[in-house]
Amino acid sequence: MSVSIEKIIDEIKKIYDPEIPVNIWDLGLIYNISINDDKIIIDMTFTSPTCPMMEDILNQVKSNVESVAENRAVEINLVWEPAWDVSRMSDAARVDLDLTEQGW
């Protein structure tokens with residue numbers, strides 16, 4: 001089986017910020033995923049640069065993606081631009097967090 005964006009997303013969806021009951025994919029923390037012959041590169045952010053779980057979540061992303069990486073290196077780039085905001089969340093996440101009435 002070949003590694004795919006869908007498999008990577010499935011692994012990322014297993015990771016939750018312990019303070020927010022939504023997975024990090026639906027929170028919109030993943031900005032980009034690219035796959036080449038020897039590497040998977042993920043650009044991601046956090047809702048806040050002071051997130052106390054940042055290191056744990058980064059390690060979970062790396063570990064989960066490595067489980068489907070088929071011998072590719074996994075590189076996580078932590079980015080702060082553009083800044084995360086609620087508009088990056090999926091519609092399902094907005095419903096789960098009861099943010100639908102705010103016009104998002």
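A residue counts as exposed when its relative accessible area is over 50%, and as buried when that area is under 20%. Keep these cut-offs in mind for this predicted model.

Start with the fold. The protein has 4 helices and 3 strands. From the N terminus, the order is α-α-β-β-α-β-α. The C-alpha atoms fill a box of roughly 45 × 30 × 25 Å along the principal axes. Of the contacts with a separation of 6 or more, 60% join residues 24 or more positions apart.

Now the surface. Of the 104 residues, 38% count as buried. The protein exposes about 6000 Å², and carbon and sulfur atoms supply 48% of that area. There are 8 positive and 20 negative charges, and their mean positions lie 6 Å apart.

Side chains of opposite charge can pair when their charged atoms come close. The whole structure holds 5 salt bridges. One of them joins Lys14 and Glu11, at 2.8 Å from N to O. Lys14 counts as exposed because its relative accessibility is 54%. Glu11 has 12%, so Glu11 counts as buried.

Another salt bridge pairs Glu75 with Lys39, with the closest N and O atoms 3.1 Å apart. This pair links distant parts of the chain: Glu75 lies in strand β3 and Lys39 in strand β2, 36 residues apart. Glu75 is partly exposed at 30%, and Lys39 is partly exposed at 27%.

Glu70 and Arg72 also form a salt bridge, at 3.9 Å between the closest N and O atoms. Glu70 is partly exposed at 37%, whereas Arg72 is buried at 19%.

Notes
Residues are numbered from 1 along each chain as its sequence is written. This is a predicted model: local features need pLDDT of at least 70, side-chain atom pairs count only at pLDDT 80 or more; totals for chains, interfaces and linings use all residues. Side-chain values use heavy atoms; hydrogens and water are left out. Helices (H or I, at least four residues) and strands (E, at least two) are DSSP runs, numbered from the N terminus. Buried means under 20% relative accessible area, exposed over 50%, partly exposed in between (1.4 Å probe, protein chains only). Contact means heavy atoms within 4.5 Å. Accessible areas come from the Shrake-Rupley method with a 1.4 Å probe; for residues, only the protein chains shown count as cover. Lys and Arg count as positive and Asp and Glu as negative; His and the chain ends are not counted. The place of a charge is taken as NZ of Lys, CZ of Arg, CG of Asp or CD of Glu. A salt bridge is a side-chain nitrogen of Lys or Arg within 4 Å of a carboxyl oxygen of Asp or Glu.
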